[in-house]
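Hello,

Here is the structure I said I would pass on. Please look through it first, then read my notes below.

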Amino acid sequence: MVYEATATAPVNIAVIKYWGKRDTKLILPTNSSLSVTLDQDHLRSTTTSRADAAFEAGDRLWLNGKEESIKEGGRLWTCIKELRGWRAAEEAKDAAKPKISTFPLRIASYNNFPTAAGLASSASGLAALVASLAALYELPQSPSDLSRIARQGSGSACRSLFGGYVAWQEGVEADGSDSLAVEVAPREHWPDLHSLICVVSDAKKGTSSTAGMQQTVQTSPLLQARLKVVPQRMTDISKAILDKDFDTFAKITMADSNQFHAVCLDTQPPIFYLNDVSRGVIALVEELNRAHLEATGHLLAAYTFDAGPNAVIYAPEANIATVVAAVNKYFPQAEAFPDPFKVGTAAALPAGFNE
Ligand code: ADP
Ligand code: DP6
Ligand code: CO
């Protein structure tokens, strides 16, 4: 009997950013956050977990084919321990349940997009881990319950337990029991909102989100000002989503992304996640919005950047073609413009060429 389960989880990109922990062990945030879960057919993590009594003692995990250590007391270890504990409780209630909670685990995960490049791989990755173990252990817990576990793997991962529009409520309890993800609206509520991922660089970032936000909490005075404005933004953007009010959604999304990067710059030593191309994308979308606002009274698109240089652009479906055309015009992609100096076979030589 093989006990194995595979699960996939999507990426989510925050429009109100989580950046700062009040408790680094339990991963409790300094502010609530809100995100849009992207479609799984593009960016996703796929995780397979297997439990087998015949495995050598100790759990092991591979990420993109490379083994990662599961350190005692670390995040992966905590998630596994909690879920295994829930399984053990089910086994204790029902003698017919095989005691697979006692078996060592082997876990393999793959991301089909750049890892640790500011495209939220920790969100989909830890959500997929929790989802695959929950399936393996046949756990009865709800997505919100599971989001509390995923949160302890990577804060942003708690939001990937839901599709659509998702809030992570910071909570007030010291044990983290009320710091969890809730659905603001399902995907079907506002299917007209589309997203465009512009990969500026797929390189691993220099400062991990975990290290960067801790540095910010310790050194940035601007973070305190940010924490005062986030609650109103949470209320306003939730309403904008419920009202399908793109202009308000876009205004708040861009303001929050810019404020998050300002806080990074205010950190000591400063953290630079954006690069010149990222700033070029900001300038382009701002200019497109200015022109569109003048012509139609509405905004065209909204940009947001996580802890990396890659842009995520949200726009109503009807505007996506305009955004793609402008991005391709000002940021031509390597594939569209092949290397001009390739050595190859000669073109047909003109008559008389060799004479
Ligand atoms: P990102 O911007 O991609 O979320 P982070 O710095 O937040 O970058 O986190 C990257 C880390 O998340 C990786 O180094 C790895 O430890 C973890 N991670 C990413 N994907 C997975 C996965 N599929 N399974 C387990 N852990 C993962
Ligand atoms: C900028 O969830 O990756 O993407 O909790 O330390 O794993 P840890 O950090 P992580 O931070 C995400 C930061 C962000 C904003 C967001 O997703 O809300
Ligand atoms: Co992350």
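**What the chain contains**

The chain has 8 helices and 14 strands. Please keep in mind that this is a predicted model. The average pLDDT of the chain is 94, and 95% of the residues score at least 70. The model has an ipTM of 0.99 and a pTM of 0.93. Where pLDDT is low, predicted coordinates should not be read in detail.

The C-alpha trace spans about 85 × 65 × 45 Å along its principal axes. The chain has 355 residues, and 41% of them count as buried. Among contacts with a separation of 6 or more, 71% are between residues 24 or more positions apart.

**The sheet**

As background, the strands of a sheet pair through backbone hydrogen bonds, and they may run parallel or antiparallel. Here, 5 strands make an open sheet with mixed pairing, in the order β1-β6-β9-β7-β8.

- β1 and β6 are antiparallel and share 8 bridges. P10 has R44 in β6 as its bridge partner.
- β6 and β9 run antiparallel, joined by 7 bridges. The bridge partner of A51 is L105 in β9.
- β7 (residues 60-63) and β8 run antiparallel, with 3 bridges between them. L61 stands opposite E68 in β8.

**Helix α3 and R148**

Is helix α3 mostly covered or mostly open? Helix α3, residues 143-151, is mostly covered, with 7 of its 9 residues buried. The buried residues are P143, L146, S147, R148, I149, A150 and R151. They pack against α1 (75-93), α2 and β11 (180-185).

Why does R148 count as buried? It has 23 other C-beta atoms within 10 Å, and a residue needs 20 or more to be called buried. Leaving out residues up to four places away in sequence, R148 touches G176 and L180. R148 and C158 are 10 residues apart in sequence, while their C-alpha atoms are 6.5 Å apart in space.

**The two ligands**

Ligand 1 is surrounded by 22 residues, of which S109, S121, S122, G125 and S209 are the closest. β9 and α2 are the elements that give two or more residues to this shell. Which element gives the most to the shell around ligand 1? That is α2, with 7 residues. By class, the shell around ligand 1 has 10 nonpolar, 11 polar and 1 charged.

Around ligand 2 there are 15 residues, and A14, S154, G155, S156 and T210 come nearest. The shell of ligand 2 divides into 6 nonpolar, 7 polar and 2 charged residues.

**Backbone details**

Most residues other than glycine have a negative phi, and most peptide bonds are trans.

N64 is not a glycine, but its phi is positive, at about 50°. N64 lies in the loop between β7 and β8. With 14 C-beta neighbours inside 10 Å, N64 is partly exposed.

K244 also has a positive phi, near 50°, and is a residue other than glycine. K244 sits in the loop between α5 (221-243) and α6. Why is K244 called partly exposed? There are 14 other C-beta atoms within 10 Å of K244, and the term covers counts between the limits of 12 or fewer for exposed and 20 or more for buried.

Which peptide bond is cis, with omega near -10°? It is the bond from Q268 to P269. P269 is in the loop between α6 (246-265) and α7 (276-296).

Regards

Terms used
Residues numbered from 1 in each chain as written. Chains lettered and ligands numbered in written order. Predicted model: local features only at pLDDT ≥ 70, side-chain atom pairs only at ≥ 80, totals over all residues. pLDDT = per-residue confidence, 0-100. Near = placed C-beta within 6 Å. Nonpolar A, V, L, I, M, F, W, Y, C, P; charged D, E, K, R; others polar. Pairing = 2+ DSSP bridges. Helix = DSSP H or I, 4+ residues; strand = E, 2+ residues; numbered from the N terminus. Contact = placed C-beta atoms within 7 Å.
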